[in-house]
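Please keep the structure open while reading.

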Amino acid sequence: MEHDVAWKKYDEADLESLDQLAAEYIGFISDNKTERECAVAAIAQAEEHGYKSLDEAVREGRALHPGDKVWAQASGKALILAHVGTAPLVEGFNILGAHIDSPRLDLKQNPLAEANGLAYLDTHYYGGIKNYQWVTLPLALHGVIAKIDGSVVDVQVGEDAGDPVFCVTDLLVHLANKQMEKKATEVIEAENLDILIGNRPLVVEKEPDVGEGQDDDRPAFEKLAEKEPVKAFALKLLAEKYDIAEEDFLSAEIEAVPAGRARDLGFDRSMVIGYGQDDRVCAYTSLAAQLAVEQPQKTALCVLVDKEEIGSVGATGMASQFFENTVAELMELAGEGGSLPLRRALAASSMLSSDVSAGFDPAYAAAFEAKNSAYLGRGLVFNKYTGSRGKSGSNDASAEYMARIRRIMGDAGVSFQTAELGKVDVGGGGTIAYIPAKYGMEVIDSGVAVLSMHAPWEVTSKADIYEAFKGYEAFLKNA
């Protein structure tokens with residue numbers, strides 16, 4: 001069974017809408033490369049569309065009614081948008097769930113080091129990466145530094161045209177005979193993913209005379225200059241730009257990500273190449289669909305979570321109580337509070353676990369089973385199951401739910417396809433789907449096909465982005 005290419009059905013109006021959505025998407029993923037940045041940007045867009053803080057509604061004891069729109073966030077890294085429908089909440093929700101974290105290099109808590117006249121930042125990779133893809137690549141630093149006085153400093157270096165960038169170095173090919181004999185997993189070891197940040201030493205004209213019993217009140221970086229002058233110069237610049245000291249890295253979250261904006265790909269500009277499309281391509285289209293819905297029958301939820309790439313753990317991952325607690329607050333303010341109504345509402349809900357799928361790549365055809373693969377340009381992808389080996393870690397949606405999804409997409413004219421994650425036993429992967437499924441709700445994985453998934457630069461089709469938006473909107477209206 002082969003699905004037709006979505007591009008063939010578009011008229012001029014469709015192409016105009018597609019191009020506008022793609023341009024807005026490119027802007028979003030270019031400007032927001034961390035989960036914190038995505039959450040802030042999503043809240044700003046939601047408030048422009050009339051969403052209010054759920055926390056404020058709770059504090060004020062303000063009742064929720066059909067048509068009300070609220071947002072809730074967890075630690076600035078996860079977000080839920082709710083548009084209250086006309087039906088009682090106990091009848092369930094229509095939910096879009098995606099994740100806004102992506103593979104990257106995180107700075108360690110004690111990252112600064114100097115060796116042989118070069119200064120480095122030590123990293124610990126986050127999520128599944130191929131280490132060798134992250135060398136000799138211009139990198140930017142994004143994140144926050146929390147100081148002990150309670151202030152939080154935002155950090156972003158490497159994106160503006162006048163900014164410096166950073167990189168992980170590699171061994172020159174002339175001396176790499178032994179390196180190139182290693183397995184791909186060993187060519188670049190994780191502990192060697194150190195980011196080069198400087199080469200200029202701090203020159204201190206004269207060390208002051210400090211008498212016995214007197215304190216040396218010079219800045220810490222000046223004291224360091226004699227032993228580690230390049231590291232000292234980097235600390236001097238950080239002190240001047242951000243008013244931070246080396247010990248402030250102990251309470252920092254700094255992510256090294258590919259520098260530069262996402263771009264159109266191909267002579268025909270039919271594709272997008274950019275960082276973090278897993279899973280921000282689904283997060284953005286889910287957000288756009290949520291904001292586009294005018295008055296749903298069932299309450300519409302858009303759930304954008306963190307930590308999926310490392311197992312959906314922690315206070316901001318899907319496995320936390322953030323989702324359940326937020327739904328409980330919604331039901332309380334809607335006059336339907338209580339443990340049993342909450343359980344009934346969750347069990348009666350329907351969800352699309354909006355996550356990307358592996359696009360068929362002819363260059364690596366041996367890893368795929370062609371008739372059960374996702375193809376760029378053929379529309380929204382549904383994965384009845386993911387997992388690995390014998391569907392381990394998979395939700396495995398029911399046949400009845402899959403039939404309902406087919407009807408919704410067909411009625412809305414959405415191009416869609418079905419797929420598995422490569423050949424059986426070639427590898428595997430998972431999503432958040434199995435976690436909300438524990439409530440008894442119907443859940444299926446759906447998303448956009450991606451080439452070079454988890455690489456620093458990933459590729460998607462604009463047609464699939466457009467069909468994902470249309471499919472998600474149809475689901476919120478009609479599931």
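Predicted model: local features only at pLDDT ≥ 70, side-chain atom pairs only at ≥ 80, totals over all residues.

Strands of a sheet pair through backbone hydrogen bonds, and the pairing can be parallel or antiparallel.

**The three-stranded sheet**

Another open sheet is built from three strands in the order β11-β12-β22, with antiparallel pairing. Its edge strands, β11 (263-265) and β22 (458-461), each pair on one side only. From one strand to the next, the twist averages 35°.

Strand β12 (residues 271-274) and β22 run antiparallel and are joined by four bridges. In this pairing Gly274 stands opposite Glu458 in β22.

**Salt bridges**

Side chains of opposite charge can pair when their charged atoms come close. With a cut-off of 4 Å between a side-chain nitrogen of Lys or Arg and a carboxyl oxygen of Asp or Glu, the model has 26 salt bridges.

One of them is between Lys33 and Glu159, with the closest N and O atoms 3.0 Å apart. This pair links distant parts of the chain, as the two residues are 126 residues apart. Lys33 is in the loop between α1 (12-31) and α2, and Glu159 is in the loop between β8 (152-157) and α4 (184-187).

**A negative surface patch**

Which residues form the negative surface patch? They are Glu47, Glu48, Asp55, Glu56, Glu329 and Glu332. Three helices each supply at least two residues of the patch: α2 (35-48), α3 (54-60) and α8 (322-333). Glu332, for example, lies in helix α8.

**Backbone exceptions**

Most peptide bonds are trans, and most residues other than glycine have a negative phi. Two places in the chain deserve a look on this account.

The peptide bond from Asp278 to Asp279 is cis, with omega near 10°. Asp279 is placed in helix α7 (residues 277-292). Asn116 is not a glycine, yet has a positive phi of about 55°. Asn116 is in the loop between β5 (104-115) and β6 (118-126).

Definitions and conventions. Residues numbered from 1 in each chain as written. Heavy atoms only, no water. Patch = residues over 30% accessible without salt bridge, like charges linked within 9 Å, V, L, I, M, F, W, Y side chains within 5 Å. Areas by Shrake-Rupley, 256 points an atom, 1.4 Å probe, with all protein chains shown as cover. Lys, Arg positive; Asp, Glu negative; His and termini not counted. Charge placed at Lys NZ, Arg CZ, Asp CG, Glu CD. Pairing = 2+ DSSP bridges. Axes fitted to C-alpha atoms, helices over the stretch in contact; angles between N-to-C directions.
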